[in-house]
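Reader: Could you take me through this model, please? I would like to ask about it piece by piece.

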Amino acid sequence: MKLSLIVPMYNEISIIEHTVHVYADYLGKTFSDWELIFVDDGSVDGSAAAVEAVHAPNTRVISYQPNRGKGNAVKTGMLAAAGDVAMFLDADIAYGTEVIERAAKLMEEHPEASLVIGSRPLHPEGYAGYTFIRKLASKTYIKVLNVAGGFKLSDSQCGCKAYRGPAAHEIFSRVETNGFAFDFETLLWAQKLGYGIVEMPVKIVNHRESKVNVVRDTFRMLKELRAMKQRIRKAK
């Protein structure tokens, strides 16, 4: 099995060299065949050059300008991936590294599934380290989106998802959402196309301030969700 790990990044110069070392070292020790793809989403701080300067094996950078959003970065990486399994994780290593091998093993154990998605609610320590307000806001945000989208699984917005290679290409070639709502669009396409989904309990081990404004982004996401549902429903 070849494993492709996609890491979207935008102005991550303060952490990105460490990220390259951690992910590349882990992949090299865990998989015999792998690639690490950083997608530079219009950074202006030299993040791409910093990744290239590490000279890590099996690692490359895809860059473009201007900044287009995390959804576009993940889509770009997924469509460029050559792995039997393609997975994306954030540059801050929020979920650690062991989730990579766990996701790959779940793919082997569940041949009927084409997606493995991380779930914080399913892990007993999934919200460890969250303040009460952030935990409440996160759960409310996900619940509202799931109800509006008719999504029955537990955590649509977790930044830890893996796809079988053919499913990744078929799904992301159809995705049009560039922002944070891309997660939901990929899952709606997976359901539309009949792909099986397995949930994997995860917890955040490296906290940093969320870029999501719950009130503003919930209303924006609901608007995008209505539009994508209509578009996907009409698709053949």
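This is a predicted model: local features need pLDDT of at least 70, side-chain atom pairs count only at pLDDT 80 or more; totals for chains, interfaces and linings use all residues.

Reader: How many residues of strand β1 are buried?
Author: Seven of the seven residues of β1 (residues 3–9) are buried, so the strand is largely enclosed by the rest of the structure. Buried means under 20% relative accessible area, exposed over 50% and partly exposed in between, with a 1.4 Å probe and protein chains only. Strands (E, at least two residues) and helices (H or I, at least four) are DSSP runs numbered from the N terminus.

Reader: Which residues cover each face of β1?
Author: L3, L5, V7 and M9 are buried on one side, and S4, I6 and P8 on the other. In a regular strand the side chains alternate between the two faces of the sheet.

Reader: Which strand does β1 pair with over seven bridges?
Author: That is β2 (residues 34–41), in the parallel sense; pairing requires at least two DSSP bridges between two strands. S4 has E35 as its bridge partner in β2. β1 also runs parallel to β4, joined by four bridges, and there S4 stands opposite A86.

Reader: Turning to helix α6, which of its residues are buried?
Author: In α6 (residues 165–172) they are G165, A167, A168, I171 and F172. Seen down the helix axis, these buried residues fall within an arc of 160 degrees, so they line one face of α6; the arc is that of the directions from the axis to the C-beta atoms.

Reader: What do they pack against?
Author: The partners are α3 (70–80), β4 (85–88), β5 (113–119), β6 (161–164) and α7 (182–193), where contact means heavy atoms within 4.5 Å.

Reader: And how many aromatic pairs are there?
Author: The whole structure holds two aromatic pairs. The ring centres of F88 and F182 are 5.7 Å apart with planes at 50 degrees, so this pair is tilted. Rings of Phe, Tyr and Trp (its six-membered ring) pair if their centres lie within 6.5 Å; planes under 30 degrees apart count as stacked, over 60 as edge-to-face and the rest as tilted.

Reader: Where do F88 and F182 lie?
Author: F88 is in β4 and F182 in α7, so the pair ties together parts 94 residues apart in sequence. Y163 and F172 form an edge-to-face pair, 5.2 Å centre to centre with 75 degrees between the planes.

How values were computed
Residues are numbered from 1 along each chain as its sequence is written. Side-chain values use heavy atoms; hydrogens and water are left out.
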